[in-house]
Number of protein chains: 2
Amino acid sequence: MRAAELIARKRNGDALDPDDIRALIAGYARGEVPDYQMSALAMAVYFRGLEPAELSAWTDAMLRSGDVLDLSHLSGAKVDKHSTGGVGDKISLPLAPLVAACGLRVPMVSGRGLGHTGGTLDKLESIPGFRTDLSVERFVAQVADDDLRLGLAGQTEEIAPADKRLYALRDVTATVESIPLIASSIMSKKLAEGIDGLVLDVKVGSGAFMKTEADARRLAETMVEIGRRAGCATVALLTDMSRPLGRMVGNALEVRESIDILRGEGPADVRALTLRLAAEMLMLGGLARGVAEDLARSTLDGGAALKRFARVIEAQGGDPAVLEDPDRLAKAPHVVDFVAPRAGHVAGMHTARVGLAAMCLGAGRARTDDVIDPAVGLEICATVGDRVEKGQPLARIHHAGRGLDDCRAHLAAAWTFADAPVAPRPLVIDRVG
Amino acid sequence: MRAAELIARKRNGDALDPDDIRALIAGYARGEVPDYQMSALAMAVYFRGLEPAELSAWTDAMLRSGDVLDLSHLSGAKVDKHSTGGVGDKISLPLAPLVAACGLRVPMVSGRGLGHTGGTLDKLESIPGFRTDLSVERFVAQVADDDLRLGLAGQTEEIAPADKRLYALRDVTATVESIPLIASSIMSKKLAEGIDGLVLDVKVGSGAFMKTEADARRLAETMVEIGRRAGCATVALLTDMSRPLGRMVGNALEVRESIDILRGEGPADVRALTLRLAAEMLMLGGLARGVAEDLARSTLDGGAALKRFARVIEAQGGDPAVLEDPDRLAKAPHVVDFVAPRAGHVAGMHTARVGLAAMCLGAGRARTDDVIDPAVGLEICATVGDRVEKGQPLARIHHAGRGLDDCRAHLAAAWTFADAPVAPRPLVIDRVG
């Protein structure tokens with residue numbers, strides 16, 4: 001196996017032998033294949049793609065570059081959910097305890113926010129005391145504990161380290177935007193969790209990485225195929241990210257909204273998507289086929305998911321009293337309105353701008369080493385389809401003095417208006433799998 | 001200028017700003033832009049190409065990464081020739097002294113052989129004592145000396161060092177086969193010679209890097225455009241490399257054939273191409289417009305080119321007596337025939353195989369650190385269009401015991417035969433410029 005020959009074959013549009021791919025990735029993981037060959041290969045893949053057999057081998061080699069959790073000794077199905085990222089997407093917070101309360105085991109490894117998107121770990125860490133840096137042993141013990149059945153942790157250095165290196169390389173070589181490479185990067189990390197089933201929430205629209213339904217569908221189909229070939233039951237929903245999900249954008253603010261959902265309250269879109277994703281997970285886990293959404297709804301409305309979240313917060317060092325008294329969460333010192341410049345119907349939102357507006361306040365990161373302020377963020381008062389009058393608040397800015405001008409500049413470009421009523425897109429656009 | 005953004009723009013098919021290209025290449029030359037970004041960019045260029053303005057900036061930045069000869073103080077035109085490489089292409093040896101004898105100055109920087117192609121430096125060094133490692137001062141002094149007007153040297157470390165690094169990187173990242181990158185690599189080295197005019201001999205066919213006329217034409221047009229934009233009058237001939245040039249392949253053997261040409265003898269194709277290229281150089285240099293080939297022919301046939309070569313050999317430490325007595329050149333200890341397996345007309349030649357056959361004997365290099373045996377090589381006895389009988393020699397193998405089996409294996413695949421007569425392609429296919 002000569003790396004340059006494999007690059008040439010991919011460049012010419014030929015499929016690579018799966019064994020050659022395994023050898024190449026293993027060589028990269030050992031540091032024998034240098035970055036300059038991997039970046040050239042990644043660019044060739046950007047132009048030529050990867051066929052299903054190539055992609056399976058690529059993903060498998062990436063996940064085998066590190067530790068793979070073995071949860072096979074635990075009874076019952078192990079199921080996780082992954083979102084491709086958006087603005088206001090706090091679904092994991094109510095979803096994970098809900099599904100665990102329904103009886104599945106959920107070994108959930110999450111990420112941090114960057115750019116316009118938030119991250120589940122950052123949101124969880126806005127709960128006072130909450131630790132996401134669990135050891136593998138502790139994480140597995142929580143998933144094994146029948147009173148918890150849930151661990152909420154960050155990716156360790158041991159999970160798919162070659163993927164981590166390749167991702168950093170892609171970031172500086174303009175090879176991030178490749179659907180097979182995105183798909184294999186996500187799936188290599190998820191399959192390393194030792195799960196039996198995976199529900200993918202593939203976001204589509206102005207706040208998502210996939211701006212078009214066609215791209216999102218291709219990503220969804222690619223990941224579902226990787227999962228299928230790896231023996232992990234995988235389903236993907238294409239869901240709308242042409243507007244923020246729910247009303248809150250910002251870490252403690254999103255925890256508040258999640259608590260509302262766990263109390264059977266909160267915005268209809270967040271509740272609906274939580275129940276739908278829970279139902280998909282329950283079906284993959286072999287529970288409640290046909291009546292899965294009923295089981296999810298009754299578990300949520302009965303308070304079992306809220307109680308489960310309390311136990312998990314406590315297990316991970318956090319203060320469960322926030323669930324009863326959300327005012328224990330960090331609050332920004334200032335709240336100012338951002339008002340509509342005209343009357344009309346909200347026709348569309350540049351949703352990534354909303355995410356960047358929140359980032360400017362300190363709710364997110366422009367660079368990976370930026371420090372987050374859990375208290376700040378945005379409360380969205382008018383979304384696609386809403387009628388507003390001139391001067392009526394479009395958003396409330398929860399800030400601490402930082403980045404307010406930049407935030408306003410992004411928000412000024414975030415809403416577009418029409419004179420006639422506008423119907424928002426359906427929340428769940430399609431299901432793949 | 002962020003390198004990753006420029007890579008993304010090229011990847012998306014957008015043209016880069018020439019100033020951004022200059023900054024990027026300068027950064028690469030200083031070691032600030034890492035190899036992994038340049039290899040990704042090279043792959044993006046492979047797929048997207050470079051527009052003329054981009055290519056000019058790229059080439060200019062490459063040549064400015066090192067020393068640029070300033071020959072502007074020398075009277076008269078400074079003109080060079082470059083061949084894209086083939087099998088049996090010894091044209092530089094008779095051509096350079098011929099053009100210098102006609103009155104132009106020829107600062108000729110040449111390369112070494114690799115793979116199936118030979119190199120002018122290796123051929124010159126088969127003349128006993130001949131040195132090609134001239135200092136810049138000595139090289140310029142020879143070009144300035146009106147009795148010589150010619151220097152024959154190798155590329156120093158100071159000429160286009162960024163191109164040298166990029167070429168090595170392209171070699172291991174499957175990005176060699178990009179016409180704009182090939183064109184800029186050639187032109188950055190040639191334009192660093194401080195020349196006023198350049199004639200390019202772009203080879204086409206089974207022994208050339210460009211296998212098709214369309215590719216060769218695109219390369220020729222690209223280089224001519226780079227030359228034009230750099231203020232260097234540039235002309236390209238597309239010439240046939242579907243068969244070896246002349247009869248001899250191998251270093252001392254090719255020097256012998258070159259001496260024959262300088263004596264007004266030798267194979268018709270080598271003589272014709274020498275005269276045609278000389279005429280193009282003379283016209284670029286402003287000499288003998290319209291009657292340039294007459295001037296070249298009379299200079300060659302009058303013996304002035306041979307005398308000039310004797311002086312240059314002496315100036316560069318070689319033994320000029322080889323011109324009178326070619327038996328002073330190295331001779332292989334063994335000569336064996338390679339005979340025709342059938343009677344027929346030679347319909348075609350896999351010319352690269354002929355080059356590889358000579359390489360196996362030690363006439364060329366499989367790797368850059370291989371050592372050449374000047375004595376060995378091939379004498380081609382039957383070429384495209386020739387009628388042969390079964391058992392008649394197709395080639396004579398001049399060998400020293402090394403690589404004979406591999407040589408024969410390549411030769412066995414080199415000739416194809418037809419029952420009907422075959423007309424060879426014309427030697428000069430077209431002229432671009």
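How many salt bridges are there between chain B and chain A? In this predicted model, the count is 2. One of them joins the side chains of R11(A) and E177(B). Its N to O distance is 2.8 Å. A salt bridge is counted here when a side-chain nitrogen of Lys or Arg lies within 4 Å of a carboxyl oxygen of Asp or Glu, so the R11(A) and E177(B) pair, at 2.8 Å, qualifies. Polar contacts were also counted between the two chains. Here the number is 11 residue pairs, with both residues at pLDDT 80 or more.

Three elements of chain B each give two or more residues to the side that touches chain A. They are α1 (3-11), α3 (35-48) and α8 (161-171). The largest share comes from α3(B), with 10 residues. By residue type, this side of chain B divides into 12 nonpolar, 5 polar and 5 charged residues.

The extent of the interface can be given in residues and in area. In residues, 22 of chain B are in contact with 22 of chain A. In area, about 1700 Å² is buried between the two chains. Carbon and sulfur atoms give 69% of this area. Within chain B, the residues that lose the most area to chain A are R11(B), Y36(B) and F47(B). Together, these three account for 36% of what the chain B side buries.

Chain B also contains an open sheet of 4 strands. The strand order is β1-β4-β5-β13, and the pairing is mixed. Which strands stand at the edges? They are β1 (79-83) and β13 (428-432) of chain B. Each has a single partner strand, so one side of each is left without a neighbour in the sheet. From one strand to the next, the twist averages 20°.

In one of the bridges to β4(B), S83(B) is partnered by D201(B).

Two helices of chain B lie across strands of this sheet. Helix α9(B), residues 179-191, lies across β1, β4 and β5 (233-240). Helix α9(B) runs at about 155° to β1(B). Helix α12(B), residues 268-284, lies across β1, β4, β5 and β13. Its angle to β4(B) is about 150°.

Definitions and conventions:
Residues are numbered from 1 along each chain as its sequence is written. Chains are lettered from A and ligands numbered from 1 in the order in which they are written. This is a predicted model: local features need pLDDT of at least 70, side-chain atom pairs count only at pLDDT 80 or more; totals for chains, interfaces and linings use all residues. Side-chain values use heavy atoms; hydrogens and water are left out. Contact means heavy atoms within 4.5 Å. Buried area is the accessible area (1.4 Å probe) that two parts lose on being put together, summed over both. A polar contact is a pair of N or O atoms within 3.5 Å; within protein, one must be able to donate a hydrogen and the other to accept it, and residues adjacent in sequence count only if both atoms are side-chain atoms. Ala, Val, Leu, Ile, Met, Phe, Trp, Tyr, Cys and Pro count as nonpolar, Asp, Glu, Lys and Arg as charged, and the others, Gly among them, as polar. Two strands pair if DSSP finds at least two bridges between them. Axes are lines fitted to C-alpha atoms, for helices over the stretch in contact, and angles run from 0 to 180 degrees between N-to-C directions.
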